[in-house]
Amino acid sequence: MELFKKLLPREEGVATYEYAFTILIYGMLIVMIAAFSWYWYNQNMAAIAIHDAAHEAAVNGGDLAAGHARMREIMTTLGSQAEDYRGNYQLYTVGDRRSVGGSINVSPGWYLPFFGVYLFNVRATSFQRAWDFYGGPPMVGAEGPWE
């Protein structure tokens with residue numbers, strides 16, 4: 001113990017080391033929060049895009065070109081990362097059920113220092129039916145907003 005006290009007799013400068021260590025930990029925490037926020041944003045945009053694309057195709061009578069156009073329109077919000085999604089999604093029709101389905105599955109890789117390449121797996125599916133409901137005219141004598 002005496003040797004330790006002789007080597008470190010004073011505590012001058014300890015606050016600087018504590019500050020440097022703490023700032024490093026907080027910096028890593030902020031980077032992790034930003035990375036996972038970007039991943040969750042990508043997941044959300046992929047789910048919205050495939051849902052809207054399948055819906056657009058179903059509403060237009062199974063026109064997959066309309067669905068693909070809607071998908072490209074929404075995915076442009078991802079900027080340059082939208083290229084990762086090109087060709088990694090599919091829209092398909094189920095003709096006998098007047099339905100359109102879609103799925104997307106992308107694993108964009110990000111290089112994280114000290115950890116290497118980390119794959120964020122983005123997946124979403126959607127299934128939409130083209131329904132044409134007509135409930136008929138209102139019942140005679142019924143009260144409602146049509147009167």
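What share of the 147 residues of the protein chain counts as buried? The figure is 26%. Keep in mind that this is a predicted model.

First, the layout. The protein chain has three helices and five strands. Reading from the N terminus, the order is α-α-α-β-β-β-β-β.

Then surface. The accessible surface of the protein chain is about 11100 Å². Carbon and sulfur atoms hold 61% of that.

Let's turn to helix α3. It covers residues 64–75, twelve residues in total. From first C-alpha to last, α3 reaches 16 Å. That is close to the 16 Å expected at 1.5 Å a residue.

How does α3 start? Asp63 caps its N-terminal end. A side-chain oxygen of Asp63 lies 3.3 Å from the backbone nitrogen of Ala65.

Which residues of α3 are buried? They are Ala66, Gly67, Met71, Ile74 and Met75. Buried here means under 20% relative accessible area. These five cover an arc of only 160 degrees around the axis, so they sit on the same side of α3. An α-helix has 3.6 residues a turn, so residues three or four places apart point the same way.

And what covers the buried residues of α3? The cover includes helix α2, residues 14–59. It also includes two strands: β1 at 89–94 and β2 at 99–106.

Conventions:
Residues are numbered from 1 along each chain as its sequence is written. This is a predicted model: local features need pLDDT of at least 70, side-chain atom pairs count only at pLDDT 80 or more; totals for chains, interfaces and linings use all residues. Side-chain values use heavy atoms; hydrogens and water are left out. Helices (H or I, at least four residues) and strands (E, at least two) are DSSP runs, numbered from the N terminus. The expected span of a helix is 1.5 Å times one less than its number of residues. Buried means under 20% relative accessible area, exposed over 50%, partly exposed in between (1.4 Å probe, protein chains only). The arc is that of the directions from the helix axis to the C-beta atoms. Contact means heavy atoms within 4.5 Å. A polar contact is a pair of N or O atoms within 3.5 Å; within protein, one must be able to donate a hydrogen and the other to accept it, and residues adjacent in sequence count only if both atoms are side-chain atoms. Accessible areas come from the Shrake-Rupley method with a 1.4 Å probe; for residues, only the protein chains shown count as cover.
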